[in-house]
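I opened a new page for this structure.

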Amino acid sequence: MSLGSPKGEEPLYITAPNSELFDTALFGRPPFEIVVPETVRGPLVINSPHSGACYPEAFLAASRLDERSIRRSEDFFVDELVAPAAALGCPLLKANFPRAWLDVNREPYELDPKMFDGKLPTYANIRSVRVAGGLGTIARIVAESEEIYSGRLGGKDALARIDSIYKPYHRALRQLVVAQQARYGFALLVDCHSMPSTIRGMNGRTRPDIVIGDRYGTSCASELTDFAAAVLTRLGYSVSRNKPYAGGFITEHYGQPARGLHAMQIEVNRALYMDEKSLQPTSGFAGLQRDLARLVDAMLRAFEAGFLARQDAAE
């Protein structure tokens with residue numbers, strides 16, 4: 001897959017091909033999209049796997065939740081928040097399908113057998129902590145622990161979602177990361193999410209502005225995490241490392257620093273940019289969008305200056 005050219009050709013905009021089972025009509029647009037800027041400046045790949053807001057009608061009909069409640073698992077507007085940052089010089093992969101319908105930040109077969117009619121494949125991971133919590137590949141609950149479905153699902157439906165959307169999504173993400181590594185000698189995947197501003201059951205205790213997760217130093221070189229935290233702190237944000245979010249399946253799976261593949265997760269506090277009751281952006285949206293672009297620009301400039309050079313990237 002071409003990632004554009006540093007010589008400055010026309011911007012390259014790629015959409016995932018339609019699936020035989022779940023085509024564009026299911027979501028009203030492609031299930032996910034890849035946007036590559038005119039000039040690719042460095043080894044970054046930006047991913048927004050949970051910001052999808054295109055809900056299939058059949059899914060809504062099968063749910064016991066109203067259209068507002070079912071959105072509570074969304075990373076609201078994160079794809080829009082990071083779009084200007086990606087346009088500065090790195091490819092962006094963004095989901096249009098909702099997390100409540102399919103979660104690509106899980107293993108491919110983390111499935112709860114109590115949710116489905118019939119038997120699941122023997123290779124399904126039915127005992128993971130995430131499955132027990134109701135947040136497997138096909139979620140049982142939304143973020144506020146409300147049950148999604150009014151009845152049991154067919155096992156074939158789950159497997160169809162995985163085969164037609166989950167696997168192509170990860171194939172696209174893997175291709176982007178590998179292409180960046182081939183081009184620059186290493187790659188950095190920045191997996192972008194949002195979090196509620198308060199901690200449930202903690203008497204209104206608020207979370208930090210931004211949480212950077214690197215699986216406690218195992219998914220990303222510490223120099224990269226330190227650099228990102230320093231830039232964000234200079235911009236005036238309170239920054240936490242790995243608490244309460246160290247990174248999910250994507251960060252863990254794609255972060256292999258010994259091979260020159262680095263992955264960090266960035267969680268932004270929703271109170272910075274949206275009204276969590278009305279689910280609408282606030283005046284803080286543009287400022288956060290601008291600062292995320294400043295972060296990415298600082299990282300790209302550092303890479304251009306030789307930061308984490310090719311020979312150091314896999315050490």
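This is a predicted model: local features need pLDDT of at least 70, side-chain atom pairs count only at pLDDT 80 or more; totals for chains, interfaces and linings use all residues.

Residues are numbered from 1 along each chain as its sequence is written, and side-chain values use heavy atoms, with hydrogens and water left out.

I looked up the largest pocket and found about 950 Å³ of space in it. A pocket here is an open set of points on a 1 Å grid over the protein atoms alone, where a 1.4 Å probe fits, with protein on both sides within 12 Å along at least five of seven lines. The volume is the space filled by probe spheres set on the points. Its lining (residues with an atom within 4 Å of a point) has 37 residues, and Arg72, Ala143, Pro196, Tyr245 and Arg270 lie nearest the centre. By class I listed 12 nonpolar, 11 polar and 14 charged residues. Strand 7 (a DSSP run of E, at least two residues) gives the largest share, 3 residues.

**Cores.** I next looked up the largest nonpolar core, which has 48 residues. Such a core is a set of buried (under 20% relative accessible area, 1.4 Å probe, protein chains only) Ala, Val, Leu, Ile, Met, Phe, Trp, Tyr and Cys residues joined through side-chain atoms within 4.5 Å. Ile70, Phe97, Leu102, Ile138 and Ile148 have the most contacts inside this core. Helix 5 (155–184) supplies its largest share, 10 residues; a helix is a DSSP run of H or I, at least four residues. Another core, of 41 residues, lies apart from this one and includes Leu232 and Ile266.

Key
Ala, Val, Leu, Ile, Met, Phe, Trp, Tyr, Cys and Pro count as nonpolar, Asp, Glu, Lys and Arg as charged, and the others, Gly among them, as polar. Buried means under 20% relative accessible area, exposed over 50%, partly exposed in between (1.4 Å probe, protein chains only).
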